[in-house]
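Subject: Structure for you to look at

Hi,

Here is the structure I promised, with my notes below it. Please open it first and keep it beside the text.

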Amino acid sequence: MKLILLGAPGAGKGTVAKLLTKLDGSVQISTGDILRGAVAAGSELGKKAEAAMKAGDLVSDDLIMGIMGERLKQDDCKAGYLLDGFPRTIPQAEALKVLLESMGEKLDCAVEIDVARDVILDRLTTRRTCTGCGEIYNVKSNPPKQEGICDKCGEPVVQRDDETEEAISNRLNVYNEQTAPLVDFYKKEGMLLSVQATSSDAVIDAIKNKLGI
Ligand code: ADP
Ligand code: ZN
């Protein structure tokens, strides 16, 4: 399957994407993970992205399209992909449309994962992320077995730099201003699947239903 996952920070795009990869071998492509990897590695890309990320602002469309133009051409994408955190602005969505047309590819749909703001705020402040493999934990509902250590890979599990209260509130505003308009964009394209996300399983079921799998 080839899907876009839309939703505010903390809506559960990453969790849903990981569950979907197990269904049919599609790959999860998270621009956030790619950028965090670049920052950790200290690469040129990382240096360009770091300040915007830390403040909870968006990285430039040009930088993102450069990354995704390369990424979508890699071999593993033939099995399908779940775009997690991309596109995030109208110019990115338009550029993606042109890119896919030039590659002769078509997406199945754009899934809007809709979650109430108070749920999101609570989730983001209690979320912890593995610095090794990106596994997501929650200090209240899903802590690692050993505090601060990833169950899967043993690397440190930490609060992300952009998960301070100030950065979170900025990320939510940025989402409302720059990314929420994509819901209408994909509605007009006839590609939107909107799901009230009561649980990640409910989202998976709605997607399976829509795709007939
Ligand atoms: P979130 O949990 O907020 O959805 P992500 O892990 O997707 O976070 O992204 C983290 C940060 O990386 C964003 O706040 C932004 O700075 C940057 N980023 C990720 N994807 C994009 C994108 N498609 N366009 C611009 N910036 C992006
Ligand atoms: Zn890990």
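Asp151 and Lys145 form a salt bridge, with their closest N and O atoms 3.9 Å apart. That sits just inside the 4 Å cut-off for such a pair. Asp151 is partly exposed, because its relative accessible area is 37%. Lys145 reaches 77% relative accessibility, so this residue counts as exposed. Please bear in mind that the model is predicted.

In total, the structure holds 15 salt bridges. Another of them pairs Glu44 with Lys47, at 3.8 Å between the closest N and O atoms. Both Glu44 and Lys47 are exposed. The two residues are three apart in helix α3, so about one helical turn separates Glu44 from Lys47.

Asp162 and Arg160 give a buried example. Their salt bridge has its closest N and O atoms 2.9 Å apart, and both residues are buried. The pair also belongs to a network of salt bridges that links Arg127, Arg160, Asp162, Glu163 and Arg171.

Beyond its neighbours within four places in sequence, Arg128 is in contact with Glu135, Ile136, Tyr137, Val139, Val157, Val158 and Gln159.

Strand β5 also comes up with helix α6. In α6, residues 117-126, the buried residues include Ile120, Leu124 and Thr126. The buried residues of this helix pack against β5, β6 (136-138) and α7 (165-179).

Next, the ligand. There are 19 residues around ligand 1, and Thr31, Asp57, Gly85, Gln92 and Arg171 come nearest. Arg171 is also a member of the salt-bridge network above. Helix α2, residues 31-41, gives the most to the shell, with four residues.

- Thr31: a side-chain N or O atom, 2.7 Å from a ligand nitrogen.
- Gly85: a backbone N or O atom, 2.9 Å from a ligand nitrogen.
- Gln92: a side-chain N or O atom, 2.9 Å from a ligand nitrogen.

How much of ligand 1 does the protein bury? Taken alone, ligand 1 exposes 540 Å², and the protein buries 97% of that.

The peptide bond joining Phe86 and Pro87 is cis, with omega at about -5°. Pro87 lies in the loop between β3 (81-84) and α5 (90-103).

Last, Ala49. This residue lies in helix α3, residues 44-55. Ala49 counts as buried because its relative accessibility is 0%. Leaving out residues up to four places away in sequence, Ala49 touches Leu35, Val59 and Leu63. Ala49 and Asp162 are 113 residues apart in sequence, yet 13 Å apart in space, C-alpha to C-alpha.

Best wishes

Technical notes:
Residues are numbered from 1 along each chain as its sequence is written. Chains are lettered from A and ligands numbered from 1 in the order in which they are written. This is a predicted model: local features need pLDDT of at least 70, side-chain atom pairs count only at pLDDT 80 or more; totals for chains, interfaces and linings use all residues. Side-chain values use heavy atoms; hydrogens and water are left out. Contact means heavy atoms within 4.5 Å. A residue is near a molecule or strand if one of its heavy atoms lies within 4 Å of it. A polar contact is a pair of N or O atoms within 3.5 Å; within protein, one must be able to donate a hydrogen and the other to accept it, and residues adjacent in sequence count only if both atoms are side-chain atoms. Accessible areas come from the Shrake-Rupley method with a 1.4 Å probe; for residues, only the protein chains shown count as cover. Buried means under 20% relative accessible area, exposed over 50%, partly exposed in between (1.4 Å probe, protein chains only). A salt bridge is a side-chain nitrogen of Lys or Arg within 4 Å of a carboxyl oxygen of Asp or Glu.
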